[in-house]
Amino acid sequence: MLDAAPRKLVEVKGLRMYFPIYSGLLRRKSGDVKAVDDVSFDILEGETLGLVGESGCGKSTVGRAILRLYDLTSGSVKIADREIGQASPETLRQMRPMMQMVFQDPQASLNPRMTVAAIIGEPLEEHTKLTRTQKNARIFELMDAVGLNRNFANRYPHAFSGGQRQRIGIARALALNPKFIVCDEPIAALDVSIQAQVVNLLEELQDRLGLTYLFISHDLSMVRHIADRVAVMYLGQIAELAPRDVLYARPLHPYTEALLSAVPEPDPSMAGAKGRIILTGDVPSPANPPPGCNFSTRCPKVMAHCRTIEPRLAEVEPGRFVACHLHTNQNAAGPTGGAGVTEHQQQGENA
C-alpha cells in the first residue's frame, strides 16, 4: 500500500507587508516600504523550508507575518487549514500553541528578570491548566530534551552562554507541542563551534516530534545541511523555489547563481575552478523598487524587457519555481519579436 502524500501544513498566498512612510510637518503618509511584496509558498508536514537571501530582503518579516506577529497588509496565511491572516485576537490566541518561533538573538528574546524555569514555563501558565507539580515536570522534560542541566532551572539568562540561551528559547518554543516553528536565523548570533550543535538539536527534535520548520538564514551552507527545499528572496519577493539538491547543483535565477557563487569552498582545488559572480550596484530601496524585475538593476543577464515587465513566479520544472524571463514563457519574444537577447550580448555584438 502506497503512503499518502504529505499534506500542506502552511499555505501562504499573495502575502504583502507594507510599512507606511510618514513625512512632512503634518506627518502625512508619503509612501510605503514594501518589505514583502506578493509572496506565495507552501510548507509540507514534517518538512524544513529554508528561506535565504541577503540582509534586508524581507526574510524575517515573512516569518513574523506568517505567525501574525504583524497584521498583514494583504494576502492569506493558512496553518493546518485554518486562516490566521484575518483571525480575531481571541481566535489567534487559541491557535498560538500550534505555531511558535525561535528568535535570532537569544539574549534579547529572553527576559533577564525571569529564571530559566519561569521562561520555559510561561507558555504553560498562559495556555494550560496544569498543576504546579505537572508544570515543573514538563519544564524538566523540556530542559532534558534540549540538553540543559536541570540544576540550572533557577538561574537567570545572563549566567548562560549564547548556545545555552538559544536552547532555552527552543525549549520555550516546544512547551506547548507545536506543529510549526519559525526559526528566525537561530544560529546567526552564535559562535561557529556552537552553530552545528544547535542545528543538530533542531534536526533531532524534528525527527522525534514530527515538527515542521521555516528556517530563515543567510548562511547557505547551513541551509544546505538542514533544509528539504529552499526559497531564495530578493527585495521582498521570491526569486526561486526548488528542492535543495537541485537548486544547489543547478540554480536557474541569476541572483541564486550569484548567491551560491559566494559560498566558500573548503576544498582548495575546487575553489579555483569555481567562478565567483560579483554583482555591481546596490540593492534598490524597498520603498522605491525598480519597474519590471526587482533584480534588473544588478542582473548580469538583464534583457531590455526585464526593465519594464515584472516576471511572475512560475513552475518551470516539476517542483521548481523561478521568477525570471530567461526561464518562463514571458521571454519567448522580446520587445522586437526576437529570441530575448541579453543587453550584455547585444552590446558585444554592436561592438
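Predicted model: local features only at pLDDT ≥ 70, side-chain atom pairs only at ≥ 80, totals over all residues.

Q: How many of the residues of helix α1 are buried, then?
A: The count is 6 of the 8 residues in α1, which spans residues 59-66, so the helix is largely enclosed by the rest of the structure.

Q: And what is the phi of Arg 68 like, positive or negative?
A: Positive, near 60°. Arg 68 follows α1.

Q: OK, zooming out. What does the secondary structure of the protein come to?
A: You're looking at 11 helices and 12 strands. The protein has 351 residues, and 47% of them count as buried.

Q: What about the accessible surface of the protein?
A: That comes to about 17500 Å², with 51% of it belonging to carbon and sulfur atoms.

Q: How many of the contacts join residues at least 24 apart?
A: If you take contacts between residues at least 6 apart in sequence, 63% join residues at least 24 apart.

Q: Switching to charges. How many salt bridges does the structure hold?
A: There are 22. As a general point, side chains of opposite charge can pair when their charged atoms come close.

Q: Which side chain does Asp 42 meet in a salt bridge?
A: That would be Lys 8, at 3.2 Å from N to O. Asp 42 sits in strand β2 (residues 28-44) and Lys 8 in strand β1 (residues 8-23), so the pair ties together parts that are 34 residues apart in sequence.

Q: Which residue forms a salt bridge with Asp 38?
A: Arg 312 does, and the closest N and O atoms are 3.3 Å apart. This pair links distant parts of the chain: Asp 38 is in strand β2, while Arg 312 is in the loop between α10 (268-273) and β11 (314-317), 274 residues apart. Asp 38 is partly exposed at 30% relative accessible area, and Arg 312 is partly exposed at 45%.

Q: What network are Asp 38 and Arg 312 linked in?
A: It's a network of salt bridges that links Arg 16, Asp 37, Asp 38, Glu 310 and Arg 312.

Q: New topic: pockets. How much space lies in the largest pocket?
A: About 380 Å³.

Q: Which residues lie nearest its centre?
A: Those are Arg 96, Gln 100, Phe 103, Pro 123 and Arg 172, out of 15 residues that line the largest pocket. The elements giving two or more residues to its lining are β6 (99-102), α3 and α5 (162-174).

Q: Where does the largest share of the lining come from?
A: From α3, which gives 4 residues. By class, the lining of the largest pocket has 8 nonpolar, 2 polar and 5 charged residues.

Conventions:
Residues numbered from 1 in each chain as written. Heavy atoms only, no water. Buried < 20%, exposed > 50% of the residue type's maximum accessible area, 1.4 Å probe, protein only. Contact = heavy atoms within 4.5 Å. Areas by Shrake-Rupley, 256 points an atom, 1.4 Å probe, with all protein chains shown as cover. Salt bridge = Lys/Arg side-chain N within 4 Å of Asp/Glu carboxyl O. 1 Å grid on protein atoms, 1.4 Å probe; cavity = no way out; pocket = protein on both sides within 12 Å on 5 of 7 lines; lining within 4 Å. Points joined across faces, edges and corners; volume = space filled by probe spheres on them. Nonpolar A, V, L, I, M, F, W, Y, C, P; charged D, E, K, R; others polar.
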